[in-house]
Amino acid sequence: MLMLSIDSSSQAATAAVLRDGELLCEYTQNQMKTHSVKMLPMIEQMLKDVELKLSDIDVFACGIGPGSFTGVRIGVATVRGFAKTLNKKVVPVNSLEILANNVSSFSGSVFALLMARENECYAAVYENGKEVVSPCVMTTREIAALGSNQPCLLVGDGALKNREFFQTALPGAKIAFGRSNVLSAASLGEIAFRKSANGAVSDCEGLIPLYLRKSQAEREYDERIKTVPSGGKDA
């Protein structure tokens, strides 16, 4: 089975091709460029490098967030388009699970953290590959309280950007190093292959973004509504 996996929910745009769960090729660009510009050319070049066509892909996997609202939409829309055009199945995987899979060899609690806003992270906790705290929005203080008195590993840009705080608040915790903190389409593909083997696939309409909080535009609209007098109209 050939699988194409894609994630653009963070700063990194990443895509991979796997055959029966084994990586053939992975491309990752971890820099501040528009995912809508770089994702499709990256996929095209990757498929060319492994001498495959998009129509050769049997199933698509997609990171559905949480993360950047725009990035999540780009990834989901891209995979939906591929799957609908080719009438292929999809496997959705949440982005925090991908991060946790990057450090699957760690034996304690893995705190997967992606920045949401200042002092807040999208967070989930995994133990031995099992989700024990579902994806949610937590403050850094709430994360520190949850991680106290247990061996834990923090992974993701939420861990890196709050490193100084966590080193003080959780002195016994470890912080993942290097590329483990970057979302990986190869890691996504490994998870998706296991899920697909257990029948956890859907059609393209089953690929739903995981948004844990409102977008900035929605929050700004809500604030505007609060200023409208009762019974009045927002001009």
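The questions below set computed values against their definitions.

Guide: This is a predicted model, in which local features need pLDDT of at least 70, side-chain atom pairs count only at pLDDT 80 or more, and totals for chains, interfaces and linings use all residues. Residues are numbered from 1 along each chain as its sequence is written, and side-chain values use heavy atoms, with hydrogens and water left out.

Visitor: What makes residues 69-86 helix 2?
Guide: Helices are DSSP runs of H or I with at least four residues, strands are runs of E with at least two, and numbering starts at the N terminus. Helix 2 has 18 residues, so it meets the length cut-off for a helix.

Visitor: How do you know what span to expect of helix 2?
Guide: The expected span is 1.5 Å times one less than the number of residues. For helix 2 that gives 26 Å, and the distance from its first C-alpha to its last is 26 Å, close to expectation. N87 follows helix 2 and has a positive phi, near 55°.

Visitor: Which residues of helix 2 are buried, and what covers them?
Guide: Buried means under 20% relative accessible area, exposed over 50%, and partly exposed in between, with a 1.4 Å probe and protein chains only. The buried residues of helix 2 include F69, V72, V76, V79 and F82. Among the elements covering the buried residues of helix 2 are strand 1 (2-7), helix 1 (35-49) and strand 5 (89-93). Contact here means heavy atoms within 4.5 Å.

Visitor: Why is strand 1 called largely enclosed?
Guide: 6 of the 6 residues of strand 1 are buried, so the rest of the structure largely encloses it. On one side L2, L4 and I6 are buried, and on the other M3, S5 and D7.

Visitor: How do you know which strands strand 1 pairs with?
Guide: Two strands pair if DSSP finds at least two bridges between them. Strand 1 has 6 bridges to strand 2, in the antiparallel sense, and 4 bridges to strand 4, running parallel, so both cases meet that cut-off. D7 stands opposite T14 in strand 2, while L4 stands opposite F60 in strand 4. Strand 1 and strand 2 form a hairpin with 4 residues between them.

Visitor: What makes strand 3 and strand 5 edge strands?
Guide: The open sheet of 5 strands has the order 3-2-1-4-5, with mixed pairing. Strand 3 (22-30) and strand 5 each have a single partner strand, so one side of each lacks a neighbour in the sheet. For strand 5, 5 bridges join it to strand 4 in parallel, and F60 stands opposite V90.

Visitor: Why is the pair of F60 and F82 called tilted?
Guide: Rings of Phe, Tyr and Trp (its six-membered ring) pair if their centres lie within 6.5 Å; planes under 30 degrees apart count as stacked, over 60 as edge-to-face, and the rest as tilted. A search of the whole structure finds 3 aromatic pairs. F60 and F82 lie 5.7 Å centre to centre with 35° between the planes, so the pair is tilted by that rule. F60 belongs to strand 4 and F82 to helix 2, 22 residues apart. Both F60 and F82 are buried.

Visitor: What makes the pair of F165 and F166 edge-to-face?
Guide: The centres of F165 and F166 are 5.4 Å apart and their planes stand at 65°, so the pair counts as edge-to-face. F165 has a relative accessible area of 27%, so it is partly exposed. F166, at 1% relative accessibility, counts as buried.
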